[in-house]
Amino acid sequence: MSKNPFDLGAMANQNKGMKAAQAVGQAALTSAQEIAQLNQRAAQELSSRLQAKVAELMKTQDPKAAFDYIHAEVLQDAAKEVAEYQAQLFQAFASGNKELAKIAESMIKESQHDLIHFVNEATQNAPAGTEPYTSVFKTSFNNALQNFELIRAAMADSFVNFEKSVENVTNLASSQATGKKKS
């Protein structure tokens, strides 16, 4: 086995990558399970409510009364249920999104730490007379660290923007549902 320190860290880096992939997979699985449960619960509730509404509608003999019933109760209840479902869905997305943000933040910090360690090892073991090259190398390294910070900031912004867009859609649907109720 080679005594090159850069080869020794390969297994550790692979292990970190596997753990990060497992964490991302677990977060996605948890979020998907939560959404599947929401969908199943919503479908069951919709089915039972639809059966009750149809049974109630079948009791009505007057077409105008049936239309008024559908307009006044069925459509308003449906709009309310959709708004509630979207709020629950938003919560599921938000919790999964926060977990993925934590994982990504952790991966970036670990990569940054690994890069710092790599540069320190490389420059400490540099042969005499290579100071100009190590200076250029360290400058490149500092630029890479700045890029890490830019990636982290962009990632944080994208997670926040995703949450805001889902929240805006939820608010829009909710306001439309309450607007139809008032009509």
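Is E45 buried, exposed or partly exposed, and what is its relative accessible area? E45 is partly exposed, with a relative accessible area of 36%; buried denotes values under 20%, exposed values over 50%, and partly exposed those in between (1.4 Å probe, protein chains only). The model is a predicted one, in which local features require pLDDT of at least 70 and side-chain atom pairs count only at pLDDT 80 or more, whereas totals for chains, interfaces and linings use all residues. Residues are numbered from 1 along each chain as its sequence is written, and side-chain values rest on heavy atoms, with hydrogens and water left out.

The chain comprises three helices and zero strands, where helices (H or I, at least four residues) and strands (E, at least two) are DSSP runs numbered from the N terminus. Read from the N terminus, the order of elements is α-α-α. Of the 183 residues in the chain, 19% are buried.

E45 takes part in a salt bridge with R49, the N to O distance between the side chains being 3.9 Å. A salt bridge is defined here as a side-chain nitrogen of Lys or Arg within 4 Å of a carboxyl oxygen of Asp or Glu, and the count under this rule is one.

A144 is located in helix 3, which spans residues 131-182, and is partly exposed at a relative accessible area of 26%. Between A144 and L115, 29 residues apart along the chain, the C-alpha separation is 8.8 Å. F162 also has its place in helix 3; its relative accessible area of 38% makes F162 partly exposed. When residues up to four places away in sequence are not counted, F162 touches F93 and N97. For F162 and F93, a sequence separation of 69 residues accompanies a C-alpha to C-alpha distance of 9.4 Å.

Methods
Contact means heavy atoms within 4.5 Å.
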